[in-house]
Amino acid sequence: NMYSSFFELLNYMNHIMKKNGATFLLFIHPNRYQVQYQDWKKICKRWNFIESDFDLEKRNHRIEEYCSKNDILFIDPIDNFKIEQNQLYLKNDVHYNIKGHKLAAEIAAEKIYSIINE
């Protein structure tokens with residue numbers, strides 16, 4: 001139920017784009033705590049969470065699965081963000097810093113380029 005409105009909206013956007021000869025591409029942005037383990041550890045400590053009780057990528061997998069089944073192009077840069085050694089988020093903030101924006105843009109550009117050249 002939690003995702004039903006979101007999935008309806010994805011279908012609608014995909015339909016409108018195709019109807020108008022365009023391509024819809026969903027890019028989901030990784031949460032800071034998903035890619036910076038030290039942040040996840042702080043959250044667990046603060047809220048007394050047991051780390052192993054959480055699947056931090058479940059949301060990503062659910063969305064990816066839905067997109068795959070419904071012919072929606074999808075980018076999940078989480079693996080690229082996890083291996084990046086640079087700080088990708090603003091200090092004490094959930095938004096990207098310049099390096100995070102650059103990495104996200106490079107990943108998106110690579111996917112768009114591959115779609116264009118299919």
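Select Arg32 to begin. Arg32 is buried, with a relative accessible area of 15%; the cut-off for that label is under 20%. Keep in mind that this is a predicted model.

Now colour by secondary structure. Arg32 sits in helix 2, which covers residues 32–35.

Next, show the side chain of Asp39. A polar contact of 2.7 Å links the Arg32 and Asp39 side chains.

Which residues does Arg32 touch, leaving aside those up to four places away in sequence? Select Asp39, Gln87, Tyr89, Leu90, Asn92 and Asp93.

Move on to a helix pair. Select residues 4–19 for helix 1 and residues 58–69 for helix 4. Their axes come within 11 Å of each other and cross at roughly 40°. That angle makes helix 1 oblique to helix 4. The crossing of the two helices is right-handed.

From helix 1, pick Phe6, Phe7, Leu10 and Asn11. From helix 4, pick Arg62, Ile63, Tyr66 and Cys67. By class, this contact of helix 1 with helix 4 has six nonpolar residues, one polar and one charged.

Finally, zoom out to the whole protein chain. How many helices and strands does the chain have? There are six helices and two strands. Trace them along the sequence, and the pattern reads α-β-α-α-α-β-α-α. Along the principal axes, the C-alpha atoms fill a box of roughly 50 × 35 × 20 Å.

Colour by burial next. Of the 118 residues in the chain, 31% are buried, and Arg32 is buried too. Last, display contacts between residues at least 6 apart in sequence: 60% of them join residues at least 24 apart.

Notes. Residues are numbered from 1 along each chain as its sequence is written. This is a predicted model: local features need pLDDT of at least 70, side-chain atom pairs count only at pLDDT 80 or more; totals for chains, interfaces and linings use all residues. Side-chain values use heavy atoms; hydrogens and water are left out. Axes are lines fitted to C-alpha atoms, for helices over the stretch in contact, and angles run from 0 to 180 degrees between N-to-C directions. Helices (H or I, at least four residues) and strands (E, at least two) are DSSP runs, numbered from the N terminus. Angles under 35 degrees count as roughly parallel, over 145 as roughly antiparallel, 65 to 115 as roughly perpendicular and the rest as oblique. A crossing is left-handed if the near helix is turned anticlockwise from the far one by less than a right angle, and right-handed if clockwise. Contact means heavy atoms within 4.5 Å. Ala, Val, Leu, Ile, Met, Phe, Trp, Tyr, Cys and Pro count as nonpolar, Asp, Glu, Lys and Arg as charged, and the others, Gly among them, as polar. Buried means under 20% relative accessible area, exposed over 50%, partly exposed in between (1.4 Å probe, protein chains only). A polar contact is a pair of N or O atoms within 3.5 Å; within protein, one must be able to donate a hydrogen and the other to accept it, and residues adjacent in sequence count only if both atoms are side-chain atoms.
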